[in-house]
Amino acid sequence: MSDALLISQWALIRRNELVDVPDKIDIHPDFLQELSHAEFESAFRDIGGLFYQMYSDMADAPQRFGLPLYKTDEYDYFSNQAREARSAPWQLFYFLLWLFACGRFKENVFVADTAEVRRINKAKKTNLLLEVLCDYGFAFGGIKKYQLSSGDCLEIDYPDNPNVLTVLSAIAKKVKNTQLKDLKNVYSNQMAFGNAFIGWNYKILSEDLHTCSLAEGCDYVADKMHDAADKNVIAALDKILTEGGAVKKKGDSNEGPSVRYYRGKASVYDYALTSDAGALYLELRIRNARKCLAYLDECPERIAAMFRHSDKGCQNRVNGVCKSGVKYEFEQEEKWHCGCCGAPFRIHPVMEDIPHYLKLMESGGKK
């Protein structure tokens, strides 16, 4: 039996969702009331490195953060334990968000309102989290034994670089007042994937404090990619599909953000650009694979391999009630592609293959 932990796997996946910071950052003047551009940018980069280290340490020593220690081979994907492990790495960062969104500077000391933090925060074991944060350079006062309930105010310091507090406060407040404003569930996966604080997305800095167009359109997925080719193919496919009349909507999956494209008034998407555990996939809802087989001779091997692959199928197939799967024969073998939790065909998209994806959908997109 393996000792691998679900939380370690998902901490690394969530770390991979941190947004890459370019060489130059556009910072709106609203953010530069207290710091120069250079000071703000330097602290912003330091925090990004800090977040990366925190996620890494969660994977190595999750018990240190009070995270659930469920073993990988003891729980299936749909279990409550697996679901908890997928979102648990975000808890510390939500906690930091609320600490800095619910406070302000008083005579050069940052003070968080503990009652307000406790009202809005859902992270567990906050005393342990505060103690852990001390290992990353934070210092706390105003409460006893790291218990938020022991005082009205939590004093927060970062002695190595006080500018870190200014940057954390500015971004936390903007996220709370724009992205999370008036939302019923600020903890949903969809909000977490687009949350500029959790993903430490530099694009939050380019607009004023009251404007946020972050994580809209295909950037909802593209921002999470680390390869320029992936970003480019996302932009190209998005342009082709939307100019062709497709309506796009955000997905809300467990593995990562997804943008789904619907044709006409369809209730089921035909295409999707999806980040699955950090890897980019194009989903194709090919409903009749047999109509695509003759065209495969004109396609690269990587596309033929997508048809050569076969799934075992989900529980619906086992029970004989699956209505979304696709069955066909290819190279004298029966193939099955499950379509209950997503489109039945998916592939890592590359720019030169875009015409093939469109042709395959044209051929097999309808039964």
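**View A. Strand β7 (271-276) and its partner β8****.** Strands β7 and β8 (residues 279-284) pair in the antiparallel sense over 6 bridges, where two strands pair if DSSP finds at least two bridges between them, and where strands (E, at least two residues) and helices (H or I, at least four residues) are DSSP runs numbered from the N terminus. Y271 has L284, in β8, as its bridge partner. The model is a predicted one, in which local features need pLDDT of at least 70 and side-chain atom pairs count only at pLDDT 80 or more, while totals for chains, interfaces and linings use all residues. Residues are numbered from 1 along each chain as its sequence is written, and side-chain values use heavy atoms, with hydrogens and water left out.

**View B. The open sheet that contains β7 and β8, with the helix that packs on it****.** The sheet is built from 5 strands in the order β5-β6-β7-β8-β11, with antiparallel pairing. β5 (247-250) and β11 stand at its edges, and each of them has a single partner strand, so one side of each is left without a neighbour in the sheet. From one strand to the next the twist averages 25°, with axes taken as lines fitted to C-alpha atoms (for helices, over the stretch in contact) and angles running from 0 to 180 degrees between N-to-C directions. Helix α10 (residues 228-243) packs on the sheet and touches β5, β6 (258-262), β7 and β8, contact being heavy atoms within 4.5 Å. The direction of α10 makes about 25° with that of β8.

**View C. The largest pocket, to which β7 and β11 contribute****.** About 880 Å³ of space lies in this pocket. Its lining comprises 30 residues, and those closest to the centre are D276, C341, G342, A343 and R346. On a 1 Å grid over the protein atoms alone, a pocket is an open set of points with protein on both sides within 12 Å along at least five of seven lines, a cavity is a set where a 1.4 Å probe fits but cannot get out, and lining residues have an atom within 4 Å of a point. Grid points are joined across faces, edges and corners, and a volume is the space filled by probe spheres set on the points. At least two lining residues come from each of β7 (271-276), α11 (301-308) and β11 (345-347). By class the lining has 12 nonpolar, 10 polar and 8 charged residues, where Ala, Val, Leu, Ile, Met, Phe, Trp, Tyr, Cys and Pro count as nonpolar, Asp, Glu, Lys and Arg as charged, and the others, Gly among them, as polar.

**View D. The second largest pocket, with α3 as the element that gives the most to its lining****.** This pocket has a volume of about 360 Å³. It is lined by 16 residues, and E84, S87, A88, Q91 and Y187 lie nearest its centre. Two or more lining residues are given by α3 (80-87) and by α4 (91-101), with the contribution of α3 amounting to 4 residues. The lining divides into 5 nonpolar, 5 polar and 6 charged residues.

**View E. The cavities of the model.** The count comes to 2 cavities of 30 Å³ or more. The largest cavity has a volume of about 70 Å³, and of the 13 residues that line it, F193, G194, N201, D223 and K224 are the closest to its centre. Helices α8 (189-194) and α9 (219-222) each supply at least two residues of this lining, which divides into 6 nonpolar, 4 polar and 3 charged residues. The second largest cavity, with a volume of about 40 Å³, is lined by R14, E17, Y55, W90, A192, F193, I198, G199 and K224. Its lining holds 5 nonpolar, 1 polar and 3 charged residues.

View F. Most residues other than glycine have a negative phi. E107 is exposed, with a relative accessible area of 78% (buried means under 20%, exposed over 50%, partly exposed in between; 1.4 Å probe, protein chains only). K125 is partly exposed, with a relative accessible area of 49%.

**View G. E131 in helix α6 (residues 126-134)****.** E131 is partly exposed, with a relative accessible area of 43%. E131 and Y146 are 15 residues apart in sequence, and their C-alpha atoms are 6.7 Å apart in space.
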